[in-house]
Amino acid sequence: MQLQTSQAQGLRVRTSARGLPALARRRTVSVSAVASEPRVEVPSSLQNNSSWSPASWRSKPAQQQPEYIDKVEVEKAVAEIHRMPPLIFAGECRTLQQRLAKAAAGEAFVLFGGDCAEAFSQFSANRIRDLYRLLLQMSIVLAFGGGVPIVKLGRVAGQFAKPRSAPTETIDGVTLPSYRGDIINGPEFTEEARRCDPQRLVRAYNQSAATLNLLRGFSYGGYAGLSRVSQWNLDFMKNTHEGHHYMDIAKRVDEAIQFMIACGMDTNMPFMRETEFFTAHECLLLDYEEALTRRDSTSDLWYGCSAHFLWCGERTRQLDHAHVEYMRGVHNPIGVKVSDKMAPNDLVTLIAMLNPSNVPGRLSIIVRMGAKKLRDKLPSMIEAVQRSGQVVTWVCDPMHGNTETVSGYKTRRYENVRSEIEAFFDVHDKMGTVPGGVHLEMTGDNVTECIGGGASISEDDLNSRYHTHCDPRLNAEQSLEIAFYVAQRLRQRREAMNKAATN
Ligand SMILES: O=C[C@H](O)[C@H](O)COP(=O)(O)O
Ligand SMILES: C=C(OP(=O)(O)O)C(=O)O
C-alpha cells in the first residue's frame, strides 16, 4: 500500500492496489459489500471534533440565508414546523440509499427531475400529476434502453428555496432584494413581495405535505401500474414525434406484459401495481431543515425529514461552513453539486467529511459544468475520487452550466443540455467508471423556456409560455427527447459490456 500526500491540501490519501492502476479498466463497486474503511484523512483544520446536533450548523458561517426583520415571527414559524409530523420516514431513506448504491455500481440509473422552484401560485393537482407521469414515461424509456431499474427522484414537495448569484435585483433604476424562492419571499417585483416572510415557511411545509400525499397516492394507489404505461402520454404530446416514439415503446411493454401473463405472471404482484418514488430538494434554508430534523426511533439516527434526499448546492458547499456541517450529521442519502471550480483534492476532502464510512449510496456527486469544461475537468475529479477508494454515485446536471440570457430571458439551449450529457457519458466510458444518473430542471407543462429540441422552440417563442419563477425548465417534449438520448447511451453501454463479457 502506497501513501500519498497532497501538500496543497495537507491531505493524506492512501491508495491501495485497486487505486491508480484501476483507472483504465472497467470497474464496478459491489453494493452488497459492507462499507469499506475510509481512506482519506480530513485535514486537522477542517476536522470537526465537536459533536453534531441538528443545530450545530449555527456555529458556522451560513451562505444564502434570508435576512428576516422579525426574528420572533421566525421562531414561532420554526416552532410550529417542529411540532408537525415528519414528511418522510427513515426507512424510505434507507431504501433510497440502497437504490443509489446500485446506481453507483451501474446496476440502476437515477432519474432526477422537477421544477427549478416550486411556487405557491402554481400549486395544483394537475401540475403534480403531469410532472409525475412525465417522470414515469421517462423512466419507462430509460429502463427500456438501459435494462436496469430507474430510481425516480423528484425535485418536488419541498424544492422552494433558491440560492442567488446576487442579493439584489435592479429594474428601471429600482433595486430590491432578489427573489429567493416562495418559502422566503415572493417573485413579484415589489417591496412588499420581496420582504422575507416567516409565514411562508409554514405554507411551504403544508404544500409539501399535500404534494407528497398525492405523490404517494399515485405511486401506491394504482396510477403507476405497469398496465397503464400507454395511458401516461400527456395530451399535448400525442401528436408529437416524441409522443409517437413513446407510444411505440408503450406498445412493446404492453405486449411483453401480455406475454408474461400468458406465461402465468401474477398481475397483482407489487411491481406491477406500484412504483417507488422519492423526493429531493436543495438543503438551503437551514432554519427549516433543522425544524424537520428528527431522530429515527428504530435506529436512533438523525434524519432530515423534509425530503428523502437532500443536496448541497454549488454556492453553499464550503468545507468549513454551515451547510456541510448540517449535512454531515443527517443519515439521508445526500448529494453535492459540483462545478468546474472545485479542485479534485477538495472534492476528495468533502466526500470524506460527508461520507466518512464510505457507505455506497450515501453520497451523489452532481456535476454541472457545461460540456466543454466537463470534458476537461471531470476526468481529474473521477481520478482523484477513485484513487482515494471513495464510492460515489456520479450524476449529471446538464442545466446549471448552460444558462444564458436571450432577449432578457434566462434560457438554456436543448443542444447544450444534450451535449453535456453526451460529454458525461463519454468521460465515464473512457475512464471505465459509471454514469449513475441525470438531474434535470423540467416540467410536465407545455412551456417555452428552453430553446431548441424537436419542438423547435425559438428565441422568439420564449415570451409565449415562460412561467418559471427562477431558472428555465425543459418542457415535456424536450424532457422526453433527453430521455430517449440517455436511453440510447445506456443501451450502448449495456451492449458494450455484454460484448466485453462474452469475449
Ligand atoms: O437554480 C439555481 C440558482 O438558484 C439559479 O441558477 C440562480 O440564478 P441567478 O444566477 O439568476 O441568481
Ligand atoms: C441551485 C441549483 O443548482 P446549483 O447549486 O448547481 O447552482 C439547483 O439545482 O436548483
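The largest nonpolar core has 124 residues, and Leu111 and Leu142 touch the most other members. A nonpolar core here is a set of buried Ala, Val, Leu, Ile, Met, Phe, Trp, Tyr and Cys residues joined through C-beta atoms within 7 Å. Helix 3 (residues 125-146) gives this core its largest share, 10 residues. What you're looking at is a predicted model, where local features need pLDDT of at least 70, side-chain atom pairs count only at pLDDT 80 or more, and totals for chains, interfaces and linings use all residues. Residues are numbered from 1 along each chain as its sequence is written, while chains are lettered from A and ligands numbered from 1 in the order in which they are written.

**How confident is the predictor?**

- The chain's mean pLDDT (the predictor's confidence in each residue, from 0 to 100) is 90, and 91% of its residues reach 70 or more.
- Residues 1-35 are another story: their pLDDT is below 50, and the stretch has 60 contacts in the model beyond near neighbours in sequence.
- For the complex, the predictor gives an ipTM of 0.97 and a pTM of 0.91.

**Reading the terms**

- Two residues are in contact if their C-beta atoms, placed from the backbone, lie within 7 Å.
- Buried means 20 or more other C-beta atoms within 10 Å of the residue's own, exposed means 12 or fewer, and partly exposed is in between, again with C-beta atoms placed from the backbone.
- Helices (H or I, at least four residues) and strands (E, at least two) are DSSP runs, numbered from the N terminus.

**Inside the core**

- Skip the neighbours within four places in sequence, and leucine 111 is in contact with Leu135, Met138, Ser139, Leu142, Ile150, Val151, Lys152, Leu153, Gly437 and Val438.

**Around the ligands**

- Ligand 1 has Cys116, Lys162, Pro163, Arg164, Ser165, Cys470 and Asp471 around it, each with its C-beta atom, placed from the backbone, within 6 Å.
- That shell around ligand 1 sorts into three nonpolar, one polar and three charged residues, where Ala, Val, Leu, Ile, Met, Phe, Trp, Tyr, Cys and Pro count as nonpolar, Asp, Glu, Lys and Arg as charged, and the others, Gly among them, as polar.
- Around ligand 2 sit Cys116, Pro163, Glu282, Gly313, Glu314, Arg315, Lys337, Arg368 and His400.
- By class, the ligand 2 shell has two nonpolar, two polar and five charged residues.
- Glycine 313, from the ligand 2 shell, is in the loop between strand 11 (309-312) and helix 9 (322-329).
- Glycine 313 counts as buried because 21 other C-beta atoms lie within 10 Å.
- Beyond four places in sequence, glycine 313 is in contact with Pro163, Glu282, Leu284 and Lys337.
- Glycine 313 and proline 163 are 150 residues apart in sequence, but 7.9 Å apart in space, C-alpha to C-alpha.

**Helix 12**

- Helix 12 (residues 414-431) has 18 residues and spans 26 Å from first C-alpha to last, close to the 26 Å expected at 1.5 Å a residue; that expected span is 1.5 Å times one less than the number of residues.
- Its buried residues are Tyr414, Asn416, Val417, Arg418, Glu420, Ile421, Ala423, Phe424, Val427 and His428.
- Those buried residues pack against helix 11 (371-387), strand 14, strand 17 (435-441) and helix 13 (476-502).
- Just after helix 12 comes glycine 432, with a positive phi of about 75°.

**Loops to look at**

- Aspartate 397 is in the loop between strand 14 (393-396) and strand 15 (404-406), and is buried, with 27 other C-beta atoms within 10 Å.
- Leaving out residues up to four places away, aspartate 397 touches Lys337, Ile366, Val367, Arg368 and His439.
- Aspartate 300 isn't a glycine, yet has a positive phi of about 70°; with 7 C-beta neighbours inside 10 Å, aspartate 300 counts as exposed.
- Asparagine 358 isn't a glycine either, and has a positive phi of about 55°, but asparagine 358 is buried, with 20 other C-beta atoms within 10 Å.
- Lysine 60, in the loop between strand 3 (40-41) and helix 1 (71-83), counts as partly exposed because it has 16 C-beta neighbours inside 10 Å.
- Setting aside residues up to four places away, lysine 60 touches Asp320, His321, Ala322 and Glu325.
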